[in-house]
Amino acid sequence: MAEKTIAGTQVKVTEDGYLEDMTQWNEEIAREIAKEIGIELTDKHFEVINYLREKTFAKEALTIRSVGKSGIVDIKQLYALFPKGPLKFSSKIAGIPKPTSCI
Amino acid sequence: MKNLVILGAGTAGTMMLNKLNKELDKNEWKITIVDQHKTHYYQPGFLFIPFGIYKKHDVIKPKYDFFPAGVDVIFSPIDKILGEENKVYLEGGQVLNYDFLIIATGTQTYPSLTPGLKDKLWYKDIFDFYTIEGALALHNRLKDFEGGDLVMCIPELPYKCPVAPIEFVCLAEAYFKERGIRDKVNITYVTLMSGAFTKPIASKMLGDLLEEKNIKVVPDFYLEHVDNENKKIVSYDEQEIHFDILTIVPVNMGSEMIKRSSLGDDMNYVKTNKFTLQSDQFENIFVIGDAANLPTSKAGSVAHFAGEILMENILAAMEGRPLPAKFDGHANCYIETGYGKGALIDFNYVTEPLPGTFPLPGIGPFGLLKNTKMNHYGKVLFRWIYWHILLKGKELPIEADMSMAGKKSI
């Protein structure tokens, strides 16, 4: 665990750069994490991000498949928004824990 | 007379039946078990069928062989569970009342959920080895295979026995070498995960092992469809990989019955308390094995360890006591790696697989995260243990809770 300043806010992050505490998140932090990854956030990105945060607050596990059924985006659109890491990058930007693949 | 009903007579359900049958007072409890199939498959053996190591008769026995006397057995598909009324509806209209219910309906493969998978190449050039039919069809195809691209693809999580695809490519590599055609076969391991396995230390060890065997790993590949015309698998971000033979873990989901009963998550796995193994919705419903949405492996070893916890908790619940036992997600997997060797991993919800010895610290005889002949013997021996000890609910000399003794922290 480490402290890091993102968009002027001091936050706790994991080794991989995921926020430790999702309540420390704000939209500016999201934009800056996205920029590091190389993604410019649009309203559609935020719709997905808010969905991920809601589900995480409700303690529901997230999968690419379940986001694809959310009614916000299908899986192809999710890939288009967050290339190379649809769930990994979107989770990082949303300030929620790294998705665990249960295996 | 009170009723205990067990749904599913696979590994987990049969094991619980035998354990509880020994514990419960027959004057007080009637036990009923329901399953739609009469044959019990030794599923870990499916992996060996494509290579002719096991034949069909090595992996099947009648389910009746494992049911103790005095238990009611019903062979029928299940329509749904009505938790509010403590009733199970069977297809055909029969209704079972229960005081306690154990759900052990497992996980199934659904190849039809991936476009192009169950199409004209299905069981010709595309196979699963999670069913007896698939494993036998693959055996026939491999016999005549003279070379080309063999692709193993994992399209979705979770799936039954997470190490099986790694074992498959290792055994295939050894099989082709033995047949003298290894140099004519490209083996590719394609996964939606970021590496050969999820947990970092095991992923590294298993990734290195595959590299040594010249098996190519393609990570972060999320399968969208199979192109039957050009024999390619295509991902959502439009990566394409050619195959001559495709072996696949079809998407796994829980029973449709769970959905009809409104007890599951979006993959039809029963929402289960990961420590107590009680349903999140009903106090008199417990869940064991692959049917539960526990964040650990879907594997027989997990069902075995969870079985001891479930037994303590359900007996307490029956007597109105608080639930005493907590499951830690313990899993223990032998990994066949070919050439008479094997690896072993032992882990739980919080501790990832670590190197060391098992079960005795410093002695073994099994090496954790090591590729040894002794581990292979463990796997071979396991078939006997499965039929004679595990299914019959007898004790094994391994603790249900994972132990850190013998493991090295990294």
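## Chatting through a predicted two-chain model

Visitor: Which residues in the largest nonpolar core touch the most other members?
Guide: Leu4(B), Ile81(B), Ile103(B) and Phe176(B) do, in a core of 155 residues. Keep in mind that this is a predicted model.

Visitor: OK, and which helix gives the largest share of this core?
Guide: Helix 6 of chain B, residues 300-318, which puts in 11 residues.

Visitor: What is Leu4(B) in contact with, leaving aside its neighbours within four places in sequence?
Guide: Quite a list: Leu20(B), Leu24(B), Trp29(B), Lys30(B), Ile31(B), Thr32(B), Phe100(B), Ile102(B), Ile314(B) and Met318(B).

Visitor: Which residues does the second, separate core include?
Guide: That core has 16 residues, among them Leu121(B), Ile126(B), Phe221(B) and Leu246(B).

Visitor: Is Thr32(B) buried or exposed?
Guide: Buried, because its relative accessibility is 4% and the cut-off for buried is under 20%. Not counting residues up to four places away in sequence, Thr32(B) touches Leu4(B), Val5(B), Ile6(B), Asp72(B), Ile74(B) and Leu96(B).

Visitor: So what about the sheet of five strands in chain B, what order does it have?
Guide: The order is 5-2-1-9-20; the sheet is open and its pairing is parallel.

Visitor: Which are the edge strands?
Guide: Strand 5 (72-75) and strand 20 (285-287) of chain B, each of which pairs on one side only. On average, neighbouring strands of this sheet are turned by 20° against each other, direction ignored.

Visitor: Which helix packs on the sheet?
Guide: Helix 1 of chain B, residues 11-23. In chain B, helix 1 touches strand 1 (2-7), strand 2 and strand 9 (100-103), and its direction makes about 170° with that of strand 2.

Visitor: How many bridges join strand 2 of chain B to strand 5 of chain B?
Guide: Four, and the two strands run parallel. As an example of a pair, Asp35(B) has Phe75(B) in strand 5 of chain B as its bridge partner.

Visitor: New topic: what domains does chain B have in the domain assignment?
Guide: Domain 1 covers 2-106 + 255-318, domain 2 covers 111-251, and domain 3 covers 331-390.

Visitor: How many residues of domain 1 of chain B are in contact with domain 3 of chain B?
Guide: 23 residues of domain 1 are in contact with 11 residues of domain 3. Between these two domains of chain B, the area buried is about 1,600 Å², and carbon and sulfur atoms give 67% of that. Taken over C-alpha atoms, the centres of the two domains are 26 Å apart.

Visitor: Why is strand 22 of chain B described as largely enclosed by the rest of the structure?
Guide: Because six of its seven residues, 341-347, are buried.

Visitor: How does strand 22 of chain B pair with strand 21 of chain B?
Guide: In the antiparallel sense, over seven bridges, with strand 21 being residues 331-338. Asn332(B) stands opposite Asp346(B) in strand 22 of chain B. Together strands 21 and 22 of chain B form a hairpin with two residues between them, and Tyr339(B) in the turn has a positive phi of about 55°.

Visitor: Which other residues have a positive value of phi?
Guide: One of them is Asn268(B), with phi near 65°, in the loop between helix 5 (256-260) and strand 20 of chain B. Ala7(A) also has a positive phi, near 50°, and is found in the loop between strand 1 (2-6) and strand 2 (9-13) of chain A.

Visitor: Which peptide bond to Pro158(B) is cis?
Guide: The one from Leu157(B), with omega near -10°. Pro158(B) is found in the loop between strand 12 (148-154) and helix 3 (164-178) of chain B. The peptide bond from Phe358(B) to Pro359(B) is cis too, and Pro359(B) is found in strand 23 of chain B, residues 356-360.

Visitor: Last one: how many residues of chain B are in contact with chain A?
Guide: 23 residues of chain B, in contact with 12 residues of chain A. The chains bury about 1,600 Å² between them, 57% of it on carbon and sulfur atoms. Tyr222(B), Tyr236(B) and Asp266(B) supply 32% of the area that chain B buries against chain A, more than any other three residues.

Definitions and conventions:
Residues are numbered from 1 along each chain as its sequence is written. Chains are lettered from A and ligands numbered from 1 in the order in which they are written. This is a predicted model: local features need pLDDT of at least 70, side-chain atom pairs count only at pLDDT 80 or more; totals for chains, interfaces and linings use all residues. Side-chain values use heavy atoms; hydrogens and water are left out. Two strands pair if DSSP finds at least two bridges between them. Axes are lines fitted to C-alpha atoms, for helices over the stretch in contact, and angles run from 0 to 180 degrees between N-to-C directions. Contact means heavy atoms within 4.5 Å. A nonpolar core is a set of buried Ala, Val, Leu, Ile, Met, Phe, Trp, Tyr and Cys residues joined through side-chain atoms within 4.5 Å. Buried means under 20% relative accessible area, exposed over 50%, partly exposed in between (1.4 Å probe, protein chains only). Domain bounds come from an automatic or database domain assignment. Buried area is the accessible area (1.4 Å probe) that two parts lose on being put together, summed over both.
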